[in-house]
Every structure is written in structure tokens, then in C-alpha cells.
Amino acid sequence: MNSNPTNVKLAAEGGTLAIEWDDGHRSAFPYAYLRDRCPCATCTDRPAAGEGLAAVGSGPPLPSSLPILGPGGPLKPQRAELVGHYALQIFWSDGHSTGIYTFDYLRENCPCPECNGSS
């Protein structure tokens, strides 16, 4: 899939990242939805609940899902930056910033009823 945004709005109403795509589709990603689906290696290699970190290394166990509240209140992006012409890097209020959200990844994970088959 070759998805290109025509407009990206980080501080959209209702705590969402809003994207308008070149084919006319509009996506609204709730912040918690995006943070829970961070594509970085640390987040995608999280062990399943109950496995602990034996499967991926040492240290304290990672949560099976990320908290909605961060150290400074509700979890939200502090800023986002373009990565080339193909992705966004989101800097989260919990200090996490290693996830690179490609536009193809975002379009494939659009939570709208039309895209997720629940329309």
C-alpha cells in the first residue's frame, strides 16, 4: 500500500491524531490507540502477559498494555516530526519516542469502522 497524507493534525479535537489521505479517506487515531500500537522494537517485542522478560531479556516485566496516564497526567503526544517523506516520529508525554509510524502502517491500522470491517 502506498499511502500519502495530505493533512496531518496532531492536536485534533478529542485527543486524536487526524490524517486526511490523498484518496479522500480520513483517519482519527486516539492517542492511547497509537501509543499501545507503537511499532518500535521495544514495544513490538513485549512478551505476552504472564511470560515475564525471560523471553526477551532481563529487567522488570513490561506491562501487557500501556497505561493511559503518564507521569504528567493523561498520555498524549508532546510533538511529532516528519521522518523523510514516509513517516512520523511521535514524542510521547511518558518519555517514549523511538516509534517511527510509517504512513503505510498508520493507514493499515486505521481504527475507523470502514477500515476495520465493523461498518
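Predicted model: local features only at pLDDT ≥ 70, side-chain atom pairs only at ≥ 80, totals over all residues.
1. A87 touches E81, L82, I100, Y101, T102 and F103, leaving aside residues up to four places away in sequence; contact here means heavy atoms within 4.5 Å. The residue is found in strand β7, residues 87-92, where strands are DSSP runs of E of at least two residues and helices are runs of H or I of at least four, numbered from the N terminus.

2. Residues are numbered from 1 along each chain as its sequence is written, and side-chain values use heavy atoms, with hydrogens and water left out.

3. The largest nonpolar core has 19 residues; such a core is a set of buried Ala, Val, Leu, Ile, Met, Phe, Trp, Tyr and Cys residues joined through side-chain atoms within 4.5 Å. L17, I19, F29, L34, W92, Y101 and L106 have the most contacts inside this core. Two or more residues come from each of β2 (16-21), α1, β7 and α3. L106 touches I19, W21, F29, L34, L88 and Y101, again not counting residues up to four places away in sequence.

4. There is one cavity of 30 Å³ or more, a cavity being a set of points on a 1 Å grid over the protein atoms alone where a 1.4 Å probe fits but cannot get out. The largest cavity holds about 40 Å³, the volume being the space filled by probe spheres set on points joined across faces, edges and corners. Its lining (residues with an atom within 4 Å of a point) consists of F29, Y33, L34, R37, Y105, L106 and N109. The elements giving two or more residues to this lining are α1 (31-36) and α3 (103-108).

5. A search of the whole structure finds zero disulfides, a disulfide being a pair of cysteine sulfur atoms within 2.5 Å. For C110, the closest cysteine sulfur is in C112 at 3.6 Å, too far for a bond. The sulfur of C115 also has C112 as its closest cysteine partner, at 3.6 Å, too far for a bond. C110 is buried at 4% relative accessibility, whereas C115 is partly exposed at 36%.

Notes:
1 Å grid on protein atoms, 1.4 Å probe; cavity = no way out; pocket = protein on both sides within 12 Å on 5 of 7 lines; lining within 4 Å. Buried < 20%, exposed > 50% of the residue type's maximum accessible area, 1.4 Å probe, protein only.
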